[in-house]
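Morning, everyone. Please look at the structure on the screen while I talk.

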Amino acid sequence: MHRTSQAALAGIAAAAVWVAVEPASRQLFGGPHRELRLIGRLLAPELLWKPVGLAVHLANGAAFGVAFDRLGGRGVGQAVAAAQIENAVLWPTMAIVDRLHPDVRDGTWPSLVDNPRALGQEIAGHAVFGVVLGLLGPGRRATSGAAE
């Protein structure tokens with residue numbers, strides 16, 4: 001398999017596992033939001049948020065996996081660190097999400113940017129993503145030396 005494809009697939013798998021374990025992290029942290037709805041409802045009407053949210057979340061995972069590989073990232077430790085750095089850098093944009101997201105605007109969700117439960121849930125999701133990416137990414141295996 002081409003290295004870039006492997007990195008993209010690792011990112012997709014990592015994003016999918018994040019979504020699969022999110023109910024447990026929501027319960028653990030008491031987080032108020034769902035990742036797919038966070039993304040999907042910003043971009044799509046009520047009836048389409050779930051497929052749009054999933055598609056964008058998986059595409060983001062693929063892009064992150066490729067970028068991580070291209071920047072020389074290898075292994076679980078570096079993948080978790082990279083995912084947490086991305087979370088820390090992007091977290092302030094939650095202030096914009098708070099102003100635009102229909103679920104925050106109508107009171108279904110509290111403000112996210114200053115909510116420690118929401119932050120804890122995102123830290124956990126990014127950690128899971130990093131572990132899976134580090135385990136599945138192309139940097140875990142020795143390459144054959146062939147041009148990729």
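I'll take the surface first, then the inside.

This is a predicted model, where local features need pLDDT of at least 70, side-chain atom pairs count only at pLDDT 80 or more, and totals for chains, interfaces and linings use all residues. Residues are numbered from 1 along each chain as its sequence is written, and side-chain values use heavy atoms, with hydrogens and water left out.

Leu42, Leu43, Ile96 and Leu100 make a nonpolar surface patch of about 390 Å². Patch residues have over 30% relative accessible area and no salt bridge, and nonpolar side chains are joined within 5 Å. A salt bridge means a side-chain nitrogen of Lys or Arg within 4 Å of a carboxyl oxygen of Asp or Glu.

Which helices supply the patch? Helix H2 (35–43) and helix H5 (94–100) each give at least two residues. Leucine 100 lies in H5. Leucine 100 counts as exposed because its relative accessibility is 52%, and exposed means over 50% with a 1.4 Å probe, protein chains only.

Now inside. The count is 1 cavity of 30 Å³ or more. A cavity is a set of points on a 1 Å grid where a 1.4 Å probe fits but cannot get out, and lining residues have an atom within 4 Å of a point. The largest cavity holds about 60 Å³ of space. Its lining has 13 residues, with Phe68, Gly73, Gly137, Pro138 and Gly139 nearest the centre. Helix H3 (49–70) and helix H7 (116–136) are the elements giving two or more residues to that lining. H3 has the largest share, 3 residues. By class, the lining of the largest cavity has 4 nonpolar, 6 polar and 3 charged residues, with Gly counted as polar.

How values were computed
Patches are made of residues with over 30% relative accessible area and no salt bridge: like charges are joined within 9 Å, nonpolar side chains (Val, Leu, Ile, Met, Phe, Trp, Tyr) within 5 Å. Accessible areas come from the Shrake-Rupley method with a 1.4 Å probe; for residues, only the protein chains shown count as cover. Helices (H or I, at least four residues) and strands (E, at least two) are DSSP runs, numbered from the N terminus. Buried means under 20% relative accessible area, exposed over 50%, partly exposed in between (1.4 Å probe, protein chains only). On a 1 Å grid over the protein atoms alone, a cavity is a set of points where a 1.4 Å probe fits but cannot get out, and a pocket is an open set with protein on both sides within 12 Å along at least five of seven lines; lining residues have an atom within 4 Å of a point. Grid points are joined across faces, edges and corners, and a volume is the space filled by probe spheres set on the points.
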